[in-house]
Amino acid sequence: MTAVKRESRLTAEEYLDFEQKSFEIKHEYLAGEIWAMVGGTDRHNIVALNLASFLKAKLRGTPCRTFMADMKLRIDAADAFFYPDVFVTCDRRDRDERLYKRHPLFVAEVVSPSTELFDRGRKFHCYRQSPDLQEYWLIDPNRIAVDVYRRFGDDWLLHGYDADDGEIPLAALELTIGMGELYEDVF
């Protein structure tokens, strides 16, 4: 991510107004600062699409909705707006808001060398402030590796999955996805 240089910090309302006028570039927002989002690789896109397609199909007919990189996720407690690669909300309160959602149950980020430290650190710290979030995935598009953080009360436990694991449980949604399905057409 690249920070946009500004003389002063933006409020959340100023960010939303700025973002609606920024047609060519998306920006994430954190406590008054904004970052321009750059495009990803084909592997990044394929993995995100595979996961979103799986979730969309499996959650059909439920109150849950799957979103991809063009939908903002607002984390009020962190004063942040992010564009997760994939996320799911099952909360009816999210149905009325068209510009962003607030109640994620599941979030997945497909990491890249330029975003991985932020995704694992500061962004995860922000996501953890959402009381609704139960599961956070960091997916490596360049090798078969997924780090899964699951909430247990006030704690988060990490479990790593790799090529030797045949599937990954998505406990928050009572689903399981095969590694082959997640990484289909990537390698």
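Predicted model: local features only at pLDDT ≥ 70, side-chain atom pairs only at ≥ 80, totals over all residues.
Colleague: Okay, and which side chain does Glu135 meet in a salt bridge?

Modeller: That would be Arg150, with 3.3 Å from N to O. Arg150 sits in strand β11 (residues 145-152) and Glu135 in strand β10 (residues 135-140), so this pair ties together parts that are 15 residues apart in sequence. Arg150 counts as buried too, at 13% relative accessibility.

Colleague: How many salt bridges does the structure hold?

Modeller: There are 13 salt bridges. Some share partners, and that joins Glu28, Glu109, Asp119 and Lys123 into one network. Within that group, the side chains of Asp119 and Lys123 meet at 3.5 Å, N to O, and both residues are buried.

Colleague: What about Glu116 and Arg120: how are they placed in helix α3?

Modeller: They're four residues apart in helix α3 (residues 116-120), which means about one helical turn separates them.

Colleague: Now the rings. What describes a pair of aromatic rings?

Modeller: Two things: how far apart the centres are, and the angle between the planes. Centres within 6.5 Å make a pair, and planes over 60 degrees apart count as edge-to-face. The count here is 15 aromatic pairs. Take Phe81 and Tyr100: the ring centres are 5.3 Å apart and the planes are at 80 degrees, so this pair is edge-to-face.

Colleague: Where do Phe81 and Tyr100 lie?

Modeller: Phe81 is in strand β6 (residues 80-82) and Tyr100 in strand β8 (residues 100-101), so the pair ties together parts that are 19 residues apart in sequence. Phe81 is buried, with a relative accessible area of 1%, and Tyr100 is buried with 8%.

Colleague: Which residues do ring pairs link into a cluster?

Modeller: Trp35, Phe82, Phe118, Phe124, Tyr127, Tyr136, Tyr149 and Trp156.

Colleague: And which residue lies over the face of Phe124?

Modeller: Arg128 does, at 4.6 Å from the ring centre.

Methods
Residues numbered from 1 in each chain as written. Heavy atoms only, no water. Phe/Tyr/Trp six-rings, centres within 6.5 Å; stacked < 30°, edge-to-face > 60°. Helix = DSSP H or I, 4+ residues; strand = E, 2+ residues; numbered from the N terminus. Buried < 20%, exposed > 50% of the residue type's maximum accessible area, 1.4 Å probe, protein only. Lys NZ or Arg CZ within 6 Å of the ring centre and 35° of its normal. Salt bridge = Lys/Arg side-chain N within 4 Å of Asp/Glu carboxyl O.
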